[in-house]
Every structure is written in structure tokens, then in C-alpha cells.
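Keep the structure in view as you read.

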Amino acid sequence: MKKTLYNNAVERLNGYLKANEMRPSVVRNAVLEQACYLPQPFTAKQLVEVCKEQRISIGAVYNSLNIFISAQILHATERQRGKMATEYELITGNQHHMQIICQKCGRVSDIQDRAIARLIQERKYSNFTLQHYSLFVYGECKVCRRLKSKN
């Protein structure tokens, strides 16, 4: 599964580089491979740590992240898990992404809600064609509510 994600990401990256007249890079491909094998979502700090082992510079990691976002390989989301942080996640074949996020403990759970998905997919926007979407619902999880009620 991870190998397929990586191969699809490399294909998308190569298309983006060619369309933007940019050169391929061994270092960039190594960063992409690490991003594909990290647990999703991940932070830049986590990616930098695994790339250090391959002697890839911090600058190369951050430059690669920006290219991956532009190439629609990754999407970045600001999340609050104690403090605000940017998290990155691969854009996979599953173009529809919904999560519930606890603002207290940071627990993230993927959700499947067919009614919301149908509503978004059926919605028509003038001068706009939907390609993929992400929905993040913030609140308080059951565990944090229980802890709060005990105090």
C-alpha cells in the first residue's frame, strides 16, 4: 500500500515538475519517500527528523514540502494540539477527507458521513469544479468531557 502511495506521488510530482519546467531531484524524491512512509498526518519536525538520518538538510525538507503542496501531493492543515501546528497529509485516491478533532487533547478520528459527502458532491458552484475536499470538525471528545465532568 505505501509503495503504491509513493509511486503515485512520484508520478504526480514528475508531472508537476515537467509542467513547471523544474528539474527532478534525488533529494526531493527521498523526502517524498519519507513523507509517504510516515504515519499520517505528520509535522514538518517529524519529517525533518527522519530525513536527518539520510543527511537531508532542513531547507531541502521545507522546500520540498512547499513543492509537494503546489503539486497537490500533500495538503497542509493548521491544527491545535496543545498549540497551533501545521500538519501534512498525503492526498490519496480517497479525495474526500473528513475528521473530527478534539480541541482539548488533539485526538483525531476519521469519519465517514455519507449525507455530508453527498451534499458536498451534489453542490454546484459557478465557475468552479470540485476536485477534492477536506472537512475538519472541532469539538471535545468523550474522554475529555468525562474528565471535565469529574473535576
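In this predicted model, three strands form an open sheet in the order 5-4-6, with mixed pairing. Strands (E, at least two residues) and helices (H or I, at least four) are DSSP runs, numbered from the N terminus. Two strands pair if DSSP finds at least two bridges between them. Strands of a sheet pair through backbone hydrogen bonds, either parallel or antiparallel.

Strands 5 and 6 stand at the edges with a single partner strand each, so one side of each has no neighbour in the sheet. From one strand to the next, the twist averages 25 degrees. Angles run from 0 to 180 degrees between N-to-C directions, with axes fitted to C-alpha atoms, for helices over the stretch in contact.

| Element | Residues |
|---|---|
| Strand 4 | 96–102 |
| Strand 5 | 108–110 |
| Strand 6 | 133–139 |
| Helix 5 | 114–122 |

Strand 4 and strand 6 run parallel, paired over seven bridges. Here Met-98 stands opposite Leu-135 of strand 6. Helix 5 packs on the sheet and touches strands 4 and 6. Contact means heavy atoms within 4.5 Å. The direction of helix 5 makes about 135 degrees with that of strand 6.

Now look at Ile-69, in helix 4 (residues 58–70). Is Ile-69 partly exposed or buried? Its relative accessibility is 31%, so Ile-69 counts as partly exposed. Buried means under 20% relative accessible area, exposed over 50%, and partly exposed in between (1.4 Å probe, protein chains only). Leaving out residues up to four places away in sequence, Ile-69 touches Leu-74, Ala-76 and Tyr-88.

Residues are numbered from 1 along each chain as its sequence is written, and side-chain values use heavy atoms, without hydrogens and water. Local features need pLDDT of at least 70, side-chain atom pairs count only at pLDDT 80 or more, and totals for chains, interfaces and linings use all residues.
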